[in-house]
Amino acid sequence: MENIPQAAPGVRSADSFRQERAFVNGEWISAKSGATYQVINPSNQAVLGVVPDMNEEDTNAAIEVAYKTFQTWRNVTPKERSTILKRWFELTVLHKEELAKLITAEMGKPMADSLGEIGFGGSFIEWYAEETKRIYGDVINGSNPQRRLLVLKQPIGVAAMITPWNFPNAMITRKACAAIAAGCTVVIKPAEDTPYSALALCQLAAEAGLPPGVLNVVTSSRGNAPAVGQAMCESPLVTKMSFTGSTATGKIILRQCAGTVKKTSMELGGNAPYIVFDNADLEKAVKGTIGSKFRCSGQTCVCANRILVQETIYEEYVKKLAEVIKQELKVGDGFEPGVNLGPLINKKAVDKVNSIVDDAVAKGARVVLGGTRNEKGDNFVNPTLLADVKLDMRCGQEEIFGPVAPIFKFKTEDEAVAIANATTSGLAGYFFSRDIGQIWRVAERLDYGMVGVNEGVISCVEAPFGGFKESGLGKEGSRYGIEEYLEMKYVCMGVA
């Protein structure tokens, strides 16, 4: 099994955080069946280790633990919850290097990006350590002088969560810390590709003093994932489901949750437009494209997916973007110095990206850069720039989830907005303009839950994250995120 690069003498190594058992009720446990599956480094296909391959029986047992623990955790004061979360945050800061190495080893992200994710993930622990003390009810002035009308906010109960592989630390903290701060208990199924980051968070949470049973993680392979997810959705003990992943899977989860009428949060697929108007600061727009399109090798749900450039500056933009890609992007193993473009997560992802490029070329697109695998390994794809693309190509219809930048041409503002909105997705959208009137018009007309204006990277702990249409339900992060794990109770008190 592959060792992760070691820490300096006297510092805990990343291997010390690589737990090979699941975490339930404060204990490291195996699957009841004894089954395990291998975790693979996508850069070199080396086996990092094994984790339990759990099934619905294991999942239901974890849910029962969480349900029992909820009966006491719900009564812990916000100040006490805050103290534990603050200690957890401090431990993630102390061990940021080791946690970042785990991310790079199991999903391939370059170390600089992994360190950035640990900072981002930690910000949610810190944020909800503060927000737990700001859960306010209300007193309503009624029409009957013999009554007092109160609104209480109370934790919803056991929250089940299914998290993705592209941000294996931050997507857990953004969900779980909101729930824990609200007074809920949590059962998480992390992505099968990236279980170690989830388990490392459990280790630090326990060290911070989080009581057994509040945070539970069940691991499973792709083969068992549907059964584990269904157990979460159909359990009557689970009252909240939070999912980040594909729209198709999100629809399945919604159907399965319908039987018990669960409250759900869904952060689903995107098809982000990135519009560059002819009055834009072109240098800034190109720089924004690099961050928005190629971060995490293009494997984020808010990546620029359809880059729309006004026809009068189209060729200039393509030329400048090609120059910056060649100058700034380096493909390789995430542990190599200077690398900022790691591998895709697996062969299936590579095959999808290549098929999208092949489709575009077959229909007349021009390959300006890339379009091929990189010699670093089977999961590496060269950054690709496509010009003269059309809307009927797959790159104009599907979420690419890879380092491919297709550049579409438009004539007018109305045409750009119409193209941007012509999708069932509505997660994030971006545009670059220096016309203040145009900025107001386009920001209001884009049917997206998040809009970046002259900015290519917009996620932050203070702002609500979530989409419109088939990109999801609910919000994460910000002061609104904790509301997803609270129930509002009306109390009518007679005082005659």
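**Close-up views of a predicted model**

**View A. Arg394 is partly exposed, with a relative accessible area of 25%.** Buried means under 20% relative accessible area, exposed means over 50%, and partly exposed is in between, using a 1.4 Å probe and protein chains only. This is a predicted model: local features need pLDDT of at least 70, side-chain atom pairs count only at pLDDT 80 or more, and totals for chains, interfaces and linings use all residues. Residues are numbered from 1 along each chain as its sequence is written, and side-chain values use heavy atoms, with hydrogens and water left out. Arg394 sits in the loop between strand S15 (384–387) and strand S16 (404–410). Helices (H or I, at least four residues) and strands (E, at least two) are DSSP runs, numbered from the N terminus. Arg394 touches Lys352, Ser355, Ile356 and Asp359, leaving out residues up to four places away in sequence. Contact here means heavy atoms within 4.5 Å. With Ser355, the link is a polar contact between side chains, at 3.0 Å. A polar contact is a pair of N or O atoms within 3.5 Å; within protein, one must be able to donate a hydrogen and the other to accept it, and residues adjacent in sequence count only if both atoms are side-chain atoms.

**View B. Asn271 is buried in a loop.** Its relative accessible area is 4%. The loop runs between strand S11 (263–267) and strand S12 (272–276). The side chain of Asn271 makes a polar contact with the side chain of Asn305 at 2.8 Å. The side chain of Asn271 also reaches the backbone oxygen of Gln397 at 3.4 Å. Among the other residues that Asn271 touches are Arg306, Thr423 and Tyr448.

**View D. The largest nonpolar core has 96 residues.** Such a core is a set of buried Ala, Val, Leu, Ile, Met, Phe, Trp, Tyr and Cys residues joined through side-chain atoms within 4.5 Å. Trp88, Ile180, Leu215 and Ile275 have the most contacts inside it. Helix H5 (residues 170–182) gives the most to this core, with 10 residues. Leu215 touches Trp88 and Ile180, and also Phe23 and Cys202, among others.

**View E. Helix H2 (residues 78–94) has 17 residues.** From first C-alpha to last, H2 reaches 24 Å, close to the 24 Å expected at 1.5 Å a residue. The expected span is 1.5 Å times one less than the number of residues. Among the buried residues of H2 are Arg81, Trp88 and Phe89. The buried residues of H2 pack against several elements, including H5, helix H6 (195–208) and strand S9 (215–217).

**View F. Helix H6 is mostly covered.** Of its 14 residues, 12 are buried. They include Pro195, Tyr196, Gln203 and Ala208. Just after H6, Gly209 takes a positive phi of about 100 degrees.
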